[in-house]
Amino acid sequence: MLNDPLANMMSLILNNELIGKQECLVKPSSKIIKELLRVMKENGYVIEFKEFEDSRGNYIKLILTGSLNKCGVIKPRYSVKNNNFEKFEKRYLPAKDIGILFVSTPDGIMTHYDAKSKKIGGRLLAYCY
């Protein structure tokens, strides 16, 4: 039973990266998963992703870069203001300017660097480096 599709996707990507696979299939797909993958593609963690329709629901086929060391979801999804990102950077990322936090903002899902530059806060979803 899938309780958290986002957490399942992140662990699937991490496991496929660790064993050296170039492709993986993510089931089920959702708007949040597609937006998170779009941001990962912009930052160079995923090469390409495509959504396919199936009789049992949609799935996404990913092509991985092999440059991902660790990724995961942040639970509980902390609410963070535009000037409090540093505390969570220290908690989830290994060093300064290495890795990204994914933030759900009123302007959509983006990295914490984009949220800082736009001076908006939101809820933390996941991290990767």
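Which residues does Phe102 touch, not counting residues up to four places away in sequence?

**View 1. Surroundings of Phe102 in a predicted model.** Phe102 touches Met10, Leu36, Val39, Met40, Met110, Arg123, Leu124, Leu125, Ala126, Tyr127 and Cys128, with residues up to four places away in sequence not counted; contact means heavy atoms within 4.5 Å. The model is predicted: local features need pLDDT of at least 70 and side-chain atom pairs count only at pLDDT 80 or more, while totals for chains, interfaces and linings use all residues. Residues are numbered from 1 along each chain as its sequence is written, and side-chain values use heavy atoms, with hydrogens and water left out.

**View 2. The nonpolar cores.** A nonpolar core is a set of buried Ala, Val, Leu, Ile, Met, Phe, Trp, Tyr and Cys residues joined through side-chain atoms within 4.5 Å. Buried denotes under 20% relative accessible area, exposed over 50%, and partly exposed in between (1.4 Å probe, protein chains only). The largest core holds 26 residues, of which Met9, Ile13, Leu36, Leu37, Leu62 and Phe102 touch the most other members. At least two residues of this core come from each of H1, strand E1 (23-26), helix H2 (31-42), strand E2 (46-52), strand E3 (59-64), strand E6 (100-105) and strand E8 (122-128). A second, separate core of 13 residues includes Val103, Ala115, Ile120 and Tyr127.

View 3. Asp4 lies in the segment before helix H1 (5-19); helices (H or I, at least four residues) and strands (E, at least two) are DSSP runs, numbered from the N terminus. Asp4 has a relative accessible area of 13% and is therefore buried. Its side chain and that of Lys75 are joined by a polar contact of 2.7 Å. Such a contact is a pair of N or O atoms within 3.5 Å; within protein, one must be able to donate a hydrogen and the other to accept it, and residues adjacent in sequence count only if both atoms are side-chain atoms. Neighbours within four places in sequence aside, Asp4 is in contact with Val73, Lys75 and Arg77.

**View 4. Lys90 on helix H3.** Lys90 is placed in helix H3 (residues 85-92). Its relative accessibility is 64%, so Lys90 counts as exposed. From C-alpha to C-alpha, Lys90 and Leu14 are 21 Å apart in space, and they are 76 residues apart in sequence.

**View 5. The chain as setting for the close-ups.** The protein chain comprises four helices and eight strands, in the order α-β-α-β-β-β-β-α-β-β-α-β from the N terminus. Of its 129 residues, 39% count as buried.
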